[in-house]
Amino acid sequence: MPICPIKTQWNSHVKYIQYTLQLHVAIGFFCVRDSNLNKFQPTLREWEILKQLLTILDIFIKITESLSQANAAVFDIIPMIDILHSHLCKTVEDYNLHIAI
């Protein structure tokens, strides 16, 4: 079943990227079979950007899901913000990431 991102739920975009990456081979096969669709196939660079973006956003999903649990506590928020801050600082310093990231 296709997954479609929802504007008001940022994490649905991450789920969409995850799903798209899982279908990488199938998308390529589908686009090659129909020359009219070939222009919509992501380039190797675009696939790599999606993978890098997912790596960066994965921690946000985990923290969002953790804080969405019924047993989540307010005192959990500050340590998680520190984790996110550290993660983003490392990301900014990672010159191996594509400039689009």
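Is Glu65 buried, partly exposed or exposed? At 37% relative accessibility, Glu65 is partly exposed, where buried denotes under 20% relative accessible area, exposed over 50%, and partly exposed the range in between (1.4 Å probe, protein chains only). The model is predicted, so local features need pLDDT of at least 70 and side-chain atom pairs count only at pLDDT 80 or more, whereas totals for chains, interfaces and linings use all residues. Residues are numbered from 1 along each chain as its sequence is written, and side-chain values use heavy atoms, with hydrogens and water left out.

Two salt bridges are present in the structure, each defined by a side-chain nitrogen of Lys or Arg within 4 Å of a carboxyl oxygen of Asp or Glu. Glu65 pairs with Lys15 at an N to O distance of 3.3 Å. Because Lys15 belongs to helix H1 and Glu65 to helix H3, this pair ties together parts that are 50 residues apart in sequence; helices are DSSP runs (H or I, at least four residues) numbered from the N terminus. Lys15 is likewise partly exposed, with a relative accessible area of 33%. In the salt bridge between Lys62 and Asp58, the closest N and O atoms are 3.0 Å apart. These residues, Lys62 and Asp58, are four residues apart in helix H3 and thus separated by about one helical turn. Asp58 is partly exposed at 25% relative accessibility.

The largest nonpolar core comprises six residues, namely Val14, Ile17, Leu21, Trp47, Leu54 and Ile61. Such a core is a set of buried Ala, Val, Leu, Ile, Met, Phe, Trp, Tyr and Cys residues joined through side-chain atoms within 4.5 Å. At least two residues of this core come from each of helix H1 (10-22) and H3. With neighbours within four places in sequence left aside, Ile17 is in contact (heavy atoms within 4.5 Å) with Leu50, Leu53 and Leu54. Ser12, also found in helix H1, is buried at 9% relative accessibility.

Helix H3 (residues 44-67) and helix H4 (residues 77-92) have axes that come within 10 Å and cross at roughly 175°; axes are lines fitted to C-alpha atoms, for helices over the stretch in contact, with angles from 0 to 180 degrees between N-to-C directions. H3 is therefore roughly antiparallel to H4, a description applied to angles over 145 degrees. Residues meeting across this pair include Ile59, Phe60 and Ile63 in H3 and Met80, Ile83 and Leu84 in H4. The contact of H3 with H4 involves 10 nonpolar, four polar and no charged residues. Here Ala, Val, Leu, Ile, Met, Phe, Trp, Tyr, Cys and Pro count as nonpolar, Asp, Glu, Lys and Arg as charged, and the others, Gly among them, as polar.

Conventions:
Angles under 35 degrees count as roughly parallel, over 145 as roughly antiparallel, 65 to 115 as roughly perpendicular and the rest as oblique.
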